[in-house]
Amino acid sequence: MIRNFEEKDTNQIMQIWLAGNTETHDFIPEDYWLSQFTSVQEQLLQANIHVYEQDSKIQGFAGMTGNYLAGIFVDKKYRSLGIGKALLDHIKTMYPVFSLNVYQQNQRAVKFYSREGLRITEKSVDEAVSETEYMMVWDANYRQNTLTT
């Protein structure tokens, strides 16, 4: 079930966030993610977080800031079970247009977002970690027009 974030979710969410980043971004030193922990935890309260929960266990979440998808994170034990897709589909119903950034080296994520209809619109370097990243965009109208043409 997907539901809105509650403050009591903070610890579980942050553990999923930290583990997800260190596991999927092994090309970035773990110290970087540890240094971002407190800032991200504070930003949770400003974001619109959608939590995927099953049997009182948070298995994943997606965070939106305005029309920017800050990320989809799924607990390692529950990856490849459709949770990320369910979260993304949920976001698509609420936000007809949104963007996200994904590191070029995170090919699993790039392929996932591409398969789900997002398109790369920009390529840049994240100066904080000196890594190339893509901006990817979901536009429901663009996708619909593409399918009907």
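Predicted model: local features only at pLDDT ≥ 70, side-chain atom pairs only at ≥ 80, totals over all residues.
Residues are numbered from 1 along each chain as its sequence is written, and side-chain values use heavy atoms, with hydrogens and water left out.

E133 is found in strand β7 (residues 131–139), where strands (E, at least two residues) and helices (H or I, at least four) are DSSP runs numbered from the N terminus. Buried means under 20% relative accessible area (1.4 Å probe, protein chains only), Lys and Arg count as positive and Asp and Glu as negative, with His and the chain ends not counted, and a salt bridge needs a side-chain nitrogen of Lys or Arg within 4 Å of a carboxyl oxygen of Asp or Glu.

W17 and W33 form an edge-to-face aromatic pair, with 6.0 Å from centre to centre and 80° between the planes; rings of Phe, Tyr and Trp (its six-membered ring) pair if their centres lie within 6.5 Å, and planes over 60 degrees apart count as edge-to-face, under 30 as stacked and the rest as tilted. Because W17 belongs to helix α1 (residues 10–24) and W33 to helix α2 (residues 30–44), the pair ties together parts that are 16 residues apart in sequence. W17 is buried, at a relative accessible area of 7%, and W33 is likewise buried at 7%. One aromatic cluster is formed by W17, Y32, W33 and F37.

Methods
Buried < 20%, exposed > 50% of the residue type's maximum accessible area, 1.4 Å probe, protein only.
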